[in-house]
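Student: I'd like to go through the charged side chains of this chain with you. Can we put it up first?

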Amino acid sequence: MEKKTTAKLEGTKATGKVAAAKGEEKKEVVKEVPAEKKTEEAKTAATKSLAEKTKEKVKKATRTAKKKDELKPEIFIQFQGHESVVEAFLEKAKEAYVAEGHRASSMKSLKLYIKPEEAAVYYVINQKFEGRLDLF
């Protein structure tokens, strides 16, 4: 009778018992993998994990390098009891350039000339556009 029931099950859709039996057979096949292949798989897994660790280290190193490049010093001008920050003049010069109708993206160069004795900052943008700002 067992032969008939299995034959009938194979002819029809597989039931849970037959699928479970097939699954068990697959597990047994996996268990029968030679030891040599297991060591090769372990080696490849180890090299993959080593490669991933190396990639992570490289990413961290590039992040710290970018942070070092992004360091922006603050430059202060002190003269006769007054103090100003140079970066503020850079922004003011850019704003004046844009206010004249130019695009900010068209700026190629920006030069600041600080003259504390005149209490003035002169700027030249793209070697053409000039202006004056109050230092204090």
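Student: Which residue forms a salt bridge with Lys94?

Tutor: First, a word on the source: this is a predicted model, where local features need pLDDT of at least 70 and side-chain atom pairs count only at pLDDT 80 or more, while totals for chains, interfaces and linings use all residues. Residues are numbered from 1 along each chain as its sequence is written, and side-chain values use heavy atoms, with hydrogens and water left out. A salt bridge here is a side-chain nitrogen of Lys or Arg within 4 Å of a carboxyl oxygen of Asp or Glu. With closest N and O atoms 4.0 Å apart, the partner of Lys94 is Glu91.

Student: How many residues apart are Lys94 and Glu91 in helix α4?

Tutor: Helices (H or I, at least four residues) and strands (E, at least two) are DSSP runs, numbered from the N terminus. Helix α4 spans residues 86-99, and Lys94 and Glu91 are separated there by about one helical turn, their spacing being three residues.

Student: Is Asp134 buried or exposed?

Tutor: Buried means under 20% relative accessible area, exposed over 50%, and partly exposed in between (1.4 Å probe, protein chains only). Asp134 forms a salt bridge with Arg132, with closest N and O atoms 3.0 Å apart. Arg132 has 44% relative accessibility and is partly exposed. Asp134 reaches 52%, so the word for Asp134 is exposed.

Student: What is the distance between the closest N and O atoms of Glu118 and Lys115?

Tutor: Both ends are partly exposed: Glu118 has a relative accessible area of 37%, and Lys115 has 29%. Their salt bridge has its closest N and O atoms at 3.1 Å.

Student: How many salt bridges does this rule count?

Tutor: Lys94 pairs with Glu91, Glu118 with Lys115, and Asp134 with Arg132. By the rule, the count is three.

Student: What share of the chain do buried residues make up?

Tutor: The chain has four helices and five strands, running α-α-α-β-β-α-β-β-β from the N terminus. Of its 136 residues, the buried share is 13%.
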